[in-house]
Amino acid sequence: MPLALIDCNNFYVSCEQVFNPKLEGKPVVVLSNNDGCVVSRSNEVKALGVPMGEPWFKLEKLAKQHGIIAFSSNYALYADLSARVMRILSGFSPKQEIYSIDECFLDLDGFDPASLMAYGQTIRQTIKQYTGIPVCVGIADTKTLAKLANHCAKKGLAGKDGVCDFNQIPSTDLKHLFETLPVEEVWGVGRRITQHLNQLGITTVQALKTADPEYIRDQFSVVLQRTVEELNGIPCIELEDGHTPRKQIVVSRSFGMPVTTLEDLSESVAYFATRAAEKLRQDGSVANAIAVFIRTNPFKASDPQYQRSQIVSFANPTDDTAKLAGAAIQGLQTIYRPGYQYKKSGVMLMELQPKASVQADLFTDADAQAKTDERMKVMDAINKRMGKDTITLAAAGTHHRWAMRRDRKSPNYTTEWVELVRVG
């Protein structure tokens, strides 16, 4: 059963280039929260040897020397373009699994095997034409192999023009390719596992592929055993059809400046609870409890340190933004201590369950619940159509002094009316 793994190239950077074509061919990076570290790099930056996760302050000299252009993370833009890409890709197969913001698997079972390379090119050209985002396509019989094929396509190691189909490569050539690939290129093989494998003499993909699965399970885990099976073309990781509801939802941010007042902290946790509630309703779930946490900056050892968390449970599970935000503020009030410079706060929705499975009790006001559901439905619909926070809680604030630093953020070209691209 052939699968395709479609991965957007340098996704965050590519999103910036879509609306600013002058960036094409330039060294560009996108930075993490508070403009801290590099989280996306153009090929030109990769050629300079800049690693993923490099702190921006360490790159300022190199940036001046080579003209590196840096952008703050524009999550609204990236999420919107991701949704467009995934929606287009869903038309290429009846079964799709969205794996991350810039990756998805497509089930190609039943397609003519000889036509899949051309089909991959059609996918690439369509996504590029409709969104401006470049993608690569890896095709193979298992998810692990498809991920590896995509890596080879992206690096130009196999395949052609950004598409690699392992089933079209002769077995002897594929064996030679796997002998040249380091084992850490295999999906799910992290740094620690790589070190252990290397100690056992397993340094290449081919060496892992030909390892005894039972031995690998004894030395590592059943998960890595499945990886070995997948490298041999035996599907062990099923394609997940549809969205899997989350078991927990966490929303938190580091502040762009130290926060000292209960007012600002309350505003932040109410805002985070609002974001978490939106995700909760998207999943069709409700929460039985919410945890709120605050902490100072652990990297400023000279400052007084403090961190606490508090869990607030609900008598009845809920997805009501107002109730969730109110509980977050209530929990914050019990753990807040004056005299500290707080660096981060956040909320976690816990004990989630499908909303459809909630049973009403004798004290449930059905009419009030129906009005709450309708209010949340209208609120979500308006915010989806008119832009995030068009309607929000007063407790979440409108001018966030504590917001993370994003001095280099590009406009929200596709999600804010006032920031739409103007021509002429």
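Is serine 252 buried or exposed? Serine 252 is buried, with a relative accessible area of 18%; buried means under 20% relative accessible area, exposed over 50%, and partly exposed in between (1.4 Å probe, protein chains only). The structure is a predicted model, in which local features need pLDDT of at least 70 and side-chain atom pairs count only at pLDDT 80 or more, while totals for chains, interfaces and linings use all residues. Residues are numbered from 1 along each chain as its sequence is written, and side-chain values use heavy atoms, with hydrogens and water left out.

**Strand β9**

Serine 252 has its place in strand β9. Helices (H or I, at least four residues) and strands (E, at least two) are DSSP runs, numbered from the N terminus. Leaving aside residues up to four places away in sequence, serine 252 touches Phe272, Phe293, Lys344, Ser345 and Gly346; contact means heavy atoms within 4.5 Å. Arginine 253 is also in strand β9, which covers residues 249–259. Arginine 253 is partly exposed, at a relative accessible area of 31%.

**Salt bridges**

The whole structure holds 14 salt bridges. A salt bridge is a side-chain nitrogen of Lys or Arg within 4 Å of a carboxyl oxygen of Asp or Glu.

| Residue | Partner | N to O distance |
|---|---|---|
| Glutamate 97 | Lysine 143 | 2.7 Å |
| Lysine 147 | Glutamate 103 | 2.6 Å |
| Aspartate 380 | Arginine 281 | 2.7 Å |

Glutamate 97 is buried, with a relative accessible area of 7%, and lysine 143 is buried at 3%.

Lysine 147 lies in helix α6 and glutamate 103 in strand β6 (residues 103–107), and this pair links distant parts of the chain, 44 residues apart. Both lysine 147 and glutamate 103 are buried.

Aspartate 380 is in helix α14 and arginine 281 in helix α12 (residues 262–282), so this pair ties together parts 99 residues apart in sequence. Aspartate 380 is partly exposed, with a relative accessible area of 24%, whereas arginine 281 counts as buried at 14% relative accessibility. Elsewhere, Arg275, Glu278 and Asp389 are linked in a network of salt bridges.

**Leucine 48**

Leucine 48 is found in the loop between α2 (43–47) and α3 (60–66). This leucine 48 is partly exposed, with a relative accessible area of 32%. Leucine 48 touches His66 and Ile68, not counting residues up to four places away in sequence.
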